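Here is a short briefing to read beside the structure. Take a look at the model before going through the points.

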Amino acid sequence: MPDEVTYLREATSRLLAGSTKAAVVRWMGEEGFVTTAGNPWTTVVLTRTLLNPRLAGLGSKGDPIEGAPIVITPAERAGLLALHPQHADAPGDEKKAPDEREWILAGVGAAGQCGLCGAGLEVSWVGAGKPSYRCPPPPPMTSQVDDVTGAVESGRSLKASPCGRIRMTAPLLEDAVAEQVLAELLRPEARDRFEALLADVRAEIERLRDHQRRTEKTLQAVKSALRSAPDSTRAALTEAQKAAQKDGRDTRTRLRYLEQIVDVAPPVGEAEGLVRWWNAAPLSSKRALVALEIKVVRVNPGRRGRNANPHDRIDILWN
Ligand SMILES: [Zn+2]
């Protein structure tokens, strides 16, 4: 929701610039912004929303989630926490939920997808406490009878709702995906493809570093101009300074994500070394490798019966 991203960023800037929460909430109300539930913003909801680590692309332990959209930068989040220290260790709901960073295919930007409805998969403890990937439960049925035809329209026809009908034991799915990713990396032609993917990422890193250097120069020029600027140009220069600073923060965040991908460096093409690498790699590297190789993993309904082959249930769309 780009609109929401824009005004939450604006709210953050205003708070960091010294506006009170009450003033920011008043401004949001005047602009007609409402929460995703359709309610007017309150200071409590705004603070909780802005300080959710997810908004800065962070997991509940404060580590970056690879590929997560960044609404506010971790630096801005730190600035907000400094303004509202009482929220620094408020118990968040995410502490009770399974930590999605412990799983390769769930969470913001991850590849797991329901084969029936296309919803992103989440990790959940169901049944005898086994972690499973599942299509999130659908919202309560909202049956509506069409006045003219008398037809009943069920909630499931709403495209945006997850269907909740797919579930697969987490280690079973992750092992199957890992097996296919490793097999892919061992094919001779896949080696070139992997190098090409890495080269693309490296090229983007170079572009961003160049951009970063230019932004830094602009910022220095603006700062020195500001020192001797006449009043008539101060406002414009201050705006330019803010824009350059924001640009710098955005670029740094993107760079950090891409650098994690390049740091992966598995020994592509050597069977034993690759398996050893996978078994020893930290989860962030596994996620980065899967993100580099895979666009989507679709999980389809399983057949009844034991010894079902997990590979029969998944379709992988490669990058
Ligand atoms: Zn589904």
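This is a predicted model: local features need pLDDT of at least 70, side-chain atom pairs count only at pLDDT 80 or more; totals for chains, interfaces and linings use all residues.

Four cysteines coordinate a zinc ion. A search of the whole structure finds one cavity of 30 Å³ or more.

**Zinc site**

- The donors to the zinc ion are the SG atoms of Cys114, Cys117, Cys135 and Cys163.
- These donors sit at 2.2 to 2.3 Å from the zinc ion.
- The site is tetrahedral, with angles of 100 to 114 degrees among the four donor atoms.
- For reference, the ideal angle for four tetrahedral donors is 109.5 degrees.
- Along the sequence, the donor residues follow the spacing C-x2-C-x17-C-x27-C.
- Cys135 and Cys163 link distant parts of the chain, 28 residues apart.
- Cys135 lies in the loop between β3 (130–134) and β4 (144–145).
- Cys163 lies in the loop between β5 (152–153) and β6 (167–169).
- The cut-off for buried is under 20%.

**Cavity**

- The largest cavity holds about 40 Å³ of space.
- Its lining consists of Leu15, Lys21, Leu46, Thr47, Leu50, Leu51, Leu80 and His84.
- Which element gives the largest share of this lining? Helix α3 (residues 43–51) does, with four residues.
- By residue class, the lining has five nonpolar, two polar and one charged.

**Annotated region**

- In the model, residues 191–218 are 100% helix and 0% strand.
- The end C-alpha atoms of this span lie 41 Å apart.

- Ala183 belongs to helix α5 (residues 170–186).
- How far apart are Ala183 and Ala271 in sequence and in space? They are 88 residues apart in sequence. Their C-alpha atoms are 8.6 Å apart in space.
- Ala183 has 41% relative accessibility, so it counts as partly exposed. That class runs between the buried limit of 20% and the exposed limit of 50%.

Key
Residues are numbered from 1 along each chain as its sequence is written. Side-chain values use heavy atoms; hydrogens and water are left out. Donors are N, O and S atoms within 2.8 Å of the metal (3.2 Å for Na, K and Ca); water is not among the atoms, so sites may look incomplete. Four donors count as tetrahedral if all angles lie between 85 and 135 degrees; four count as square planar and six as octahedral if opposite donors are over 155 degrees apart and all others between 65 and 115; anything else is irregular. Helices (H or I, at least four residues) and strands (E, at least two) are DSSP runs, numbered from the N terminus. On a 1 Å grid over the protein atoms alone, a cavity is a set of points where a 1.4 Å probe fits but cannot get out, and a pocket is an open set with protein on both sides within 12 Å along at least five of seven lines; lining residues have an atom within 4 Å of a point. Grid points are joined across faces, edges and corners, and a volume is the space filled by probe spheres set on the points. Ala, Val, Leu, Ile, Met, Phe, Trp, Tyr, Cys and Pro count as nonpolar, Asp, Glu, Lys and Arg as charged, and the others, Gly among them, as polar. Buried means under 20% relative accessible area, exposed over 50%, partly exposed in between (1.4 Å probe, protein chains only).
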